[in-house]
Amino acid sequence: MKKIGFIGCGNMAKAMIGGLVGKKLIPPGVILASNRSQGALDYARKTWGICVTRDNRQVARESEIVVLAVKPQFYSQVIGEIREDVTDEQVIMSIAPGKTLQWFKEQFGRSLKFIRCNPNTPALVGEGITSVSPGELVTEEELGWVMEILESFGRASVVPESLSEAVIAVSGSAPAYVFMFMEAMADGAVSLGMPRKQAYEFAAQAVLGAAKMVQETGLHPGELKDMVCSPGGTTIQAVRLLEERGFRSSVIEAMTACADQARVM
């Protein structure tokens, strides 16, 4: 049984811990988390029964898989703190955008078993998608452990590190685009007389259902779109106007801007 340690116990760490405990992949007693806030640690201990500490170095010393789950701006500080405590046998997982495998090698001052991951916030409800880019020292068995951890709160897929910025744009930041789209849909429904709470319910279910159709039918999104657009019907008029206003181009340009920012973080 591998002992997993989380340095940082914010939303993403909570999603991962909740997935691991909820699916009974590992006992709570082999999960250790550290955090600056005692309140966050008390919540985690009470909710999942895991072990907690205020000492990041304890997590680094006692865990076989160490998950760096602090905000990106604190990575250098935390690595400086634990650098001498990690060993060549441990797996070091990162969930921060913009931090490359080479950056980790430079920060730790040596090659270790680094794995770069890019999860997204739907992990909080068990529907995340995480890209996984393992370093050259990570074994297939170790990669398998990590994939099992990540799949406890959604899906996970191995991708080349060179595609990390594309992943951030298409999944890491994408929930924000979808929330904006849903809000706009609900505003439109409200303008047509629907109560706002009901408008959000319909918009959310429409997005959820459309996403499941893409996943479960295996059909191209364009083909599914065509199935809704009856000749001379209502939907094609909406699609026509969206195209006229640059809907598709705006999304592509927004994702490009997102990826550009990720490269300089």
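Leucine 68 has quite a list of partners in this predicted model: once neighbours within four places in sequence are set aside, leucine 68 is in contact (heavy atoms within 4.5 Å) with Ile7, Tyr75, Val78, Ile79, Ile82, Ile92, Met93, Ser94, Ile95 and Phe104. Leu68 also turns up, alongside Phe6 and Met93, among the residues with the most contacts inside the largest nonpolar core, a set of 56 residues. A core here means buried Ala, Val, Leu, Ile, Met, Phe, Trp, Tyr and Cys residues joined through side-chain atoms within 4.5 Å, with buried set at under 20% relative accessible area, using a 1.4 Å probe and protein chains only. H1 supplies the largest share of this core, seven residues; helices are DSSP runs of H or I with at least four residues, and strands are E runs of at least two, numbered from the N terminus. A second, separate core has five residues, including Ile168, Ala169, Cys258 and Ala259.

Asparagine 35 sits in the loop between strand S2 (31–34) and helix H2 (38–48). Its relative accessible area is 17%, so asparagine 35 counts as buried. Residues up to four places away in sequence aside, asparagine 35 touches Gly8, Cys9, Gly10, Ala40, Leu41, Thr53 and Arg54.

Residues are numbered from 1 along each chain as its sequence is written. Local features need pLDDT of at least 70 and side-chain atom pairs count only at pLDDT 80 or more, while totals for chains, interfaces and linings use all residues, and side-chain values use heavy atoms, with hydrogens and water left out.

Methods. Buried means under 20% relative accessible area, exposed over 50%, partly exposed in between (1.4 Å probe, protein chains only).
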